[in-house]
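Here is my note for someone opening this structure for the first time. Please read the points with the model in view.

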Amino acid sequence: MQKMNKLLISIMTLFASCLTSCGQQDIKSVDADEFEKVISRDGVQLLDVRTETEFREGHIASDKVKNIDYRQPDFIDRADGELDKGRPVAVYCRSGRRSLDAARLLVKRGFEVIDLKGGILEWQERGKPVRR
């Protein structure tokens, strides 16, 4: 009986870790230096998922940045309407938490997503350009 319980626990642990890692496979999280390279490529969409107020206080200096607040109930509808699923989406927020949550939703909707690890705080710490 005890052997059976250990086997069952092992199988459940393996299954849970597979689910966790499988859900993360389509999201590539990169540091600020790599993110800068990514967003400089043609065709990459840049998405800031912070509030409008945060966005106005300073965002990554790029003409192609879009601001869609992750915390708004229409986030995924706006993303579906404003973003092209045929092109990668580079997503960021303040510290990286919201953007990772947003990235998970976007991947479920069929987007290819690159997430900025550490968010705009990391971006600024590395001396990258910000526009107000």
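1. Five strands make up an open sheet, paired in parallel, in the order 1-6-5-2-4. Strands here are DSSP runs of E with at least two residues, and helices are H or I runs of at least four, numbered from the N terminus. Two strands pair if DSSP finds at least two bridges between them. Strand 1 and strand 4 (65-67) are the edges; each has a single partner strand, so one side of each lacks a neighbour in the sheet. From one strand to the next, the twist averages 30 degrees, taken between N-to-C directions of lines fitted to C-alpha atoms, on a scale from 0 to 180 degrees.

2. This is a predicted model: local features need pLDDT of at least 70, side-chain atom pairs pLDDT 80 or more, while totals for chains, interfaces and linings use all residues. Residues are numbered from 1 along each chain as its sequence is written, and side-chain values use heavy atoms, without hydrogens or water.

3. Strand 5 and strand 6 run parallel, joined by three bridges. Valine 89 sits opposite valine 113 of strand 6.

4. Which residues of helix 2 (residues 32-39) are buried? They are Ala32, Phe35, Val38 and Ile39. Buried means under 20% relative accessible area, exposed over 50%, partly exposed in between (1.4 Å probe, protein chains only). Their cover includes strand 1 (27-30), strand 2 (45-48) and helix 6 (119-125), by contacts of heavy atoms within 4.5 Å.

5. Glutamine 45 lies in strand 2. Glutamine 45 is buried, because its relative accessibility is 5%.
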